[in-house]
Each structure stands twice: as structure tokens, then as C-alpha cells.
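Colleague: I would like a close look at one part of this model. Please take me through it in one go.

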Amino acid sequence: MLLKDKFYKVEQENILTPLHGVYLIALLPDADVYRGHFPHKPVCPGVCNIETIRECAEMLTGKKLFMKTIKQCRLTAVATPQVCPLLDVNVMLTPNADSSAYIIQARIADAETTYMELKGEFAINMNK
Amino acid sequence: MVRGVFVFYYHTKIMLYQGEDIKKLIPQRDPIMMVDALVSAEGDVCQTELGVREDNFFIEEDQLLSEPGLIEHIAQSASAFAGYRCVVKGEPAPVGYIGEVKKFHCYRRPAIGDVLSTTITMGAEVNGITIITGETKVNDEVVADTQMKIFTADE
């Protein structure tokens, strides 16, 4: 995976159902990406949070998922390893009609703040 | 248009900004710089390029670019365009954050060696929020398209 153990570490995995999991992650303040985003001002790139959601969905399903569509992804607060060292990544999946993809609803939040909400469709095993 | 004449006669691609100069337009730095060149900018439309190299931050184990890499490339293309529009007015380049990604489609994940060619269309800025659309092609094949809300923060 692109970011697991590089950008974040999974502290706890709560599998509520086979298609609904909540991953408690710790953001790693020494992640390489902060050298460039931005120099002297570390801010989590929104796209890294999107990738983190995908990786949690892959951990939940045990499948490689292709991000076919993001219907809507709202970045509602600026996340940094200082502001939110620990985050819950909540992933809910529903198989689509022919089971070739999952409809995904996900949220990244801590107790006080929601940082990201995402709705989309992730296909199974495409380009892989 | 002098630029057009040059392109016509010499078939040489003239970039507005490339190489180190791109850093004048966007605040991102290595390892997450995702624009090589601002190819053209006119009115509300610009074109950018990125060569996908094997040391790209978003290259996955299967040697293909991840979809968020395409989103970041489109966001930085818009940022480069916004930066360019400020620089030509003698103002500092703004720092933009992605506020929303909407209707993103990825049709194919680009491979190492592909050159991404992206067209950004920028809407009007309202209360620090700009809606942009981006379309990324490799050769003539569309590999991704999206809408985005970018909000501009004062440094």
C-alpha cells in the first residue's frame, strides 16, 4: 500500500460487519510528504486522506480496489498531524448490482471534527 | 500572436513555465510536485503537463499511478493557473486547498512514461472559493476528469 506505515499507522481495527469498519489511525508526523506539503507548514494533503480511505476499504475487503468514481468528497477541515494525531476512518460499503464494485461512504473524523466525507464507487480488481 | 507564429513555423512546443520556474506558481515541493509545465493559459483555460516518472510519490507497487495522484495533479494544475494569473499581475501566488472533489472519474491509471496533458477550466471566484473542471489525457485518451472546489487561504 502507498501510505500505510508511511503516512499513517493503524492503531485499532473495529470490524462492525464484513462491509463496515472503523479504523483508528495515527498520522505519522515524520511522513516524507510533509517536506513538500508545505515546506515548514505540514498539512495533510487531501488526496492522501482519500488514499487512506481506499486503503482502509482494501483492508476491510481484502481486495484491491480501483477508484472508479468519486461522486462527492468534501474536505471540511484542514487536517495536520499536530491538529489531529489520531483519526477514525469509517468505511461503509455496499456491493453494486453486478457485484463488480462497491458503493462506498466514508468519513474521517475525530471526536470534535469531521475532516473528510466521501461518496463514490470503487471497482474490484480493475487494472490489476 | 507571436507565440502562435512560432508554434506554426517551428512545431516546437513553447511552455509558459517549466522546470524550476514552476515553483514560482505553486507552493508544493518534492516529493509531491505534480506539475512539470504550464503549457498555455488563455482566458479561463490552461493546459499543463506532467511526465509520470518511476520516483513519483503516487506510483503504486503495480507501477501505475494511483487515482489520488491524478486528483493531486489536477489540483496543482489549477493552482499553477491561479499562480500564473497572480504572477502576471505582480501579485504573490496564492495557496489553495481542495475543498471538494465532485464527479471524479478515473478511466485508466497512467503508467510510468506516460505524459499527462491536462486542461483546466476555471470558474469565477466567490468568497475565496473557485470551481474548476479538469480533464487529463494521455495522448488523446481521457484518463480522468473531475470538478473541484478550491479555496484560497491567505498565508
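How many residues does the contact take from chain B and from chain A?

Modeller: This is a predicted model: local features need pLDDT of at least 70, side-chain atom pairs count only at pLDDT 80 or more, and totals for chains, interfaces and linings use all residues. Residues are numbered from 1 along each chain as its sequence is written, while chains are lettered from A and ligands numbered from 1 in the order in which they are written.

The contact takes 29 residues from chain B and 25 residues from chain A. Two residues are in contact if their C-beta atoms, placed from the backbone, lie within 7 Å. On the side of chain B that touches chain A, helix H2 (67-87) and strand S4 (95-106) of chain B are the elements that give two or more residues. S4(B) gives the largest share, ten residues. By type, that side of chain B divides into 14 nonpolar, four polar and eleven charged residues. Here Ala, Val, Leu, Ile, Met, Phe, Trp, Tyr, Cys and Pro count as nonpolar, Asp, Glu, Lys and Arg as charged, and the others, Gly among them, as polar.

Helices (H or I, at least four residues) and strands (E, at least two) are DSSP runs, numbered from the N terminus. Strands pair if DSSP finds at least two bridges between them. S4(B) is joined by five bridges to strand S3 (residues 65-75) of chain A, and the two run antiparallel. Within this pairing, A:Gln72 has B:Lys102 as its bridge partner in S4(B).

Chain B has two helices and seven strands. Their order along the sequence is α-β-β-β-α-β-β-β-β. The radius of gyration of chain B, taken over C-alpha atoms, is 15 Å, close to the 15 Å that the globule rule gives for 155 residues, so chain B is as compact as a globular protein of that length. That rule is 2.2 Å times the number of residues to the power 0.38. Of the 155 residues of chain B, 40% count as buried, meaning that 20 or more other C-beta atoms lie within 10 Å of a residue's own, with C-beta atoms placed from the backbone.

Strand S1 (residues 17-18) and strand S2 (residues 37-42) of chain B run antiparallel, joined by two bridges. B:Ala37 in S2(B) stands opposite B:Gln18. In S3(B), B:Ala37 has B:Glu49 as bridge partner. S2(B) and strand S3 (residues 45-51) of chain B are antiparallel too, with five bridges. Their hairpin has two residues between the strands, and B:Gly43 takes a positive phi near 60° there.

Definitions and conventions
A residue is buried if 20 or more other C-beta atoms lie within 10 Å of its own, exposed if 12 or fewer, and partly exposed in between; C-beta atoms are placed from the backbone.
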